[in-house]
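I opened the model to look up its sheets, its pocket and a few loop residues. These are my notes, in the order I made them.

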Amino acid sequence: MAQKKKVLIAVFAVAFAAVLLTGVYLLLRPTGEAGAKTVTLAVVLPDGERMHQVHTDAAYLGEALKAEGLISGREGSYGLFVTEVDGVAADESLQQWWCLTKDGAEVTTGIDSTPIADGERFELTLTTGY
């Protein structure tokens, strides 16, 4: 009986912690700016850059770039894994992948959860090597 009580207390403690952490995440997660905005996307390739101005009401970068037809990929447990940008596909056999940066600094969120604000500049760079 005492063992069951301990297990029950542990289950409730874990459930409470999960609810608490979810609440903290929802309060502190990055949020995008509402309304119309323009962001710049530089597609960085070995032979140069392609610049795009994206006009959108989207709050997050992935939504805006998908709507413009600039990115595609496959959905994973962390959101969209970008495999193609502006018609250029990363070649996985060459260990190529798309690196997302904002004003040259690496972004720590996935493309679907990267908030955007008017006037920001993002880069998607075709990178070789894991």
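I first settled what counts as pairing: two strands pair if DSSP finds at least two bridges between them. Strands (E, at least two residues) and helices (H or I, at least four) are DSSP runs, numbered from the N terminus.

Before going on I noted the ground rules. The model is predicted, so local features need pLDDT of at least 70 and side-chain atom pairs count only at pLDDT 80 or more, while totals for chains, interfaces and linings use all residues. Residues are numbered from 1 along each chain as its sequence is written, and side-chain values use heavy atoms, with hydrogens and water left out.

I checked the bridges strand by strand. β3 and β4 run antiparallel and are joined by six bridges; Ile71 has Val85 in β4 as its bridge partner. These two strands form a hairpin with two residues between them. β4 and β5 are also antiparallel, joined by two bridges, and Glu84 stands opposite Ala89 in β5.

Entry: the whole chain.
I found two helices and eight strands in the chain. From the N terminus the elements run α-β-β-α-β-β-β-β-β-β. Of the 130 residues, 32% count as buried, where buried means under 20% relative accessible area, exposed means over 50%, and partly exposed lies in between (1.4 Å probe, protein chains only). I also looked at contacts, meaning heavy atoms within 4.5 Å. Among contacts in the chain with a separation of 6 or more, residues 24 or more positions apart account for 54%. The chain exposes about 8400 Å², with carbon and sulfur atoms supplying 60% of it; the areas come from the Shrake-Rupley method with a 1.4 Å probe, and for residues only the protein chains shown count as cover.

Entry: the five-stranded sheet.
In what order do the five strands of the open sheet come? I read it as β2-β1-β8-β6-β7, with mixed pairing. β2 (48–56) and β7 (105–106) stand at the edges with a single partner strand each, so one side of each is left without a neighbour in the sheet. Strands of a sheet pair through backbone hydrogen bonds, either parallel or antiparallel. I then went through the pairs.
- β1 (residues 37–45) and β2 pair in the antiparallel sense over nine bridges, and the bridge partner of Val44 in β2 is Glu49.
- β1 and β8 pair in the parallel sense over five bridges, with Thr40 opposite Arg121 in β8.
- β6 and β8 pair in the antiparallel sense over seven bridges, and Gln96 has Thr128 in β8 as its bridge partner.

Entry: the largest pocket.
I took a pocket as an open set of points on a 1 Å grid over the protein atoms alone, where a 1.4 Å probe fits, with protein on both sides within 12 Å along at least five of seven lines; lining residues have an atom within 4 Å of a point. Grid points are joined across faces, edges and corners, and the volume is the space filled by probe spheres set on the points. The largest pocket has a volume of about 380 Å³. Of its 18 lining residues, the closest to the centre are Leu80, Phe81, Trp98, Gly110 and Ile111. The elements that give two or more residues to the lining are β4 (79–85) and β6 (96–102). I sorted the lining into eleven nonpolar, six polar and one charged. For this, Ala, Val, Leu, Ile, Met, Phe, Trp, Tyr, Cys and Pro count as nonpolar, Asp, Glu, Lys and Arg as charged, and the others, Gly among them, as polar.

Entry: loop residues.
Gly110 lies in the loop between β7 and β8 (121–128) and is partly exposed, with a relative accessible area of 30%. Gly110 and Val82 are 28 residues apart in sequence and 9.6 Å apart in space, C-alpha to C-alpha.

Ala59 is in the loop between β2 and α2 (61–67) and counts as partly exposed at 21% relative accessibility. Ala59 and Pro115 are 56 residues apart in sequence but 5.8 Å apart in space, C-alpha to C-alpha.

Last, I looked up phi. Most residues other than glycine have a negative phi. Gln95, in the loop between β5 and β6, has a positive phi of about 60° and is partly exposed at 38%. Asp103, in the loop between β6 and β7, has a positive phi near 50° and is exposed at 54%.
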